[in-house]
Amino acid sequence: EWHDLPLLHRYRQCGLFLDSTLTFTRGTTLVPAGALLAYFAPATGIFTYLARPDQGADQPLVGQVLHAAGSPFARLTFLAPEAAVESAHLPALLDYITVTIGQRGALHTLAEVEQGSQAFQTLHQSGFAIYARQRIWRLAGEPQGLAEASDWRACTEQDTLRVRALYVDLVPGLVQQVEPLPRERLKGMVFTQRGEVRAYIELRYGPAGIWAQPFVHPDAPDVSGRLVQLLQSLPNRRGRPVYLCVRSYQSWLESAIEELGAQPGQSQAVMVRHLAVARKATQPYAL
């Protein structure tokens, strides 16, 4: 409610951020500020919840989740204060979020936390399980190395099927079940060779930075050089840092990214809480 906004203002710098894409592209101030749009939540997909424990000594807890209409998954974006991960009342708040987001049609809730942290332990005890691991590399300036004219171009509708084929080849089935490629037009850059998509970089832009998640075929030639090409010709960079997210199933890319001069972050666990039970259809139907 509106009268809770002063509490959110106090918590804005002492929260735990669980959606790396949103945090690195929009910054730690704009993420909790999404609560200002609470009355437009069905349109924005931003839902913020408050738990006030009965005991006066316990701090109120705030949780925020992002769920776009029709998406199979929701993302847990923000918990506050940071000490909330040790609160005995946090599981009840997470359960409440699970129920309300499940009623909107979400099948999974996702969260990203540093491995071995207290937040990791708390989420695991609350029904979250690891389905992938990742490390985020930060490139503040220009990439090191020289490159020829760029072979990358913006992804078009004609590339969609070939990008999906690359995604299916590279990404484990467990991850595909939780994070399928978006249904709408893909937003990123592609590198093709002899009519085949050898690499696709998903891009997301925000005022604080640019998020880049690579999907590169192991047979792609000169990966280091291709990455230099990409980063030197990145559209609309405007001096913003680039954050490259490398999942565990693409970990062989890390040596090439290190050669660019990027700085590694902490290893993160990508976790999921399933909100539905998968069952096979007992009767086939025509598509």
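Residues are numbered from 1 along each chain as its sequence is written, and side-chain values use heavy atoms, with hydrogens and water left out. As the model is predicted, local features need pLDDT of at least 70 and side-chain atom pairs count only at pLDDT 80 or more, while totals for chains, interfaces and linings use all residues.

On confidence, pLDDT (the predictor's confidence in each residue, from 0 to 100) averages 89 for the protein chain, and 94% of the residues score at least 70. Helices (H or I, at least four residues) and strands (E, at least two) are DSSP runs, numbered from the N terminus.

E112 sits in strand β5 (residues 108-114). With 4% relative accessibility, E112 is buried, a label for under 20% relative accessible area; exposed is over 50% and partly exposed lies in between (1.4 Å probe, protein chains only). Contacts (heavy atoms within 4.5 Å) of E112, leaving out residues up to four places away in sequence, include F17, R75 and V270.

Polar contacts come next: pairs of N or O atoms within 3.5 Å where, within protein, one must be able to donate a hydrogen and the other to accept it, and residues adjacent in sequence count only if both atoms are side-chain atoms. The E112 side chain makes one with the side chain of S20 at 2.8 Å and another with that of Q134 at 3.4 Å.

S20 belongs to helix α2 (residues 20-30) and is buried too, at 5% relative accessible area. Its side chain also pairs with that of Q268 in a polar contact of 3.1 Å. Beyond four places in sequence, S20 touches E112, Q134, I136, W211 and Q268.
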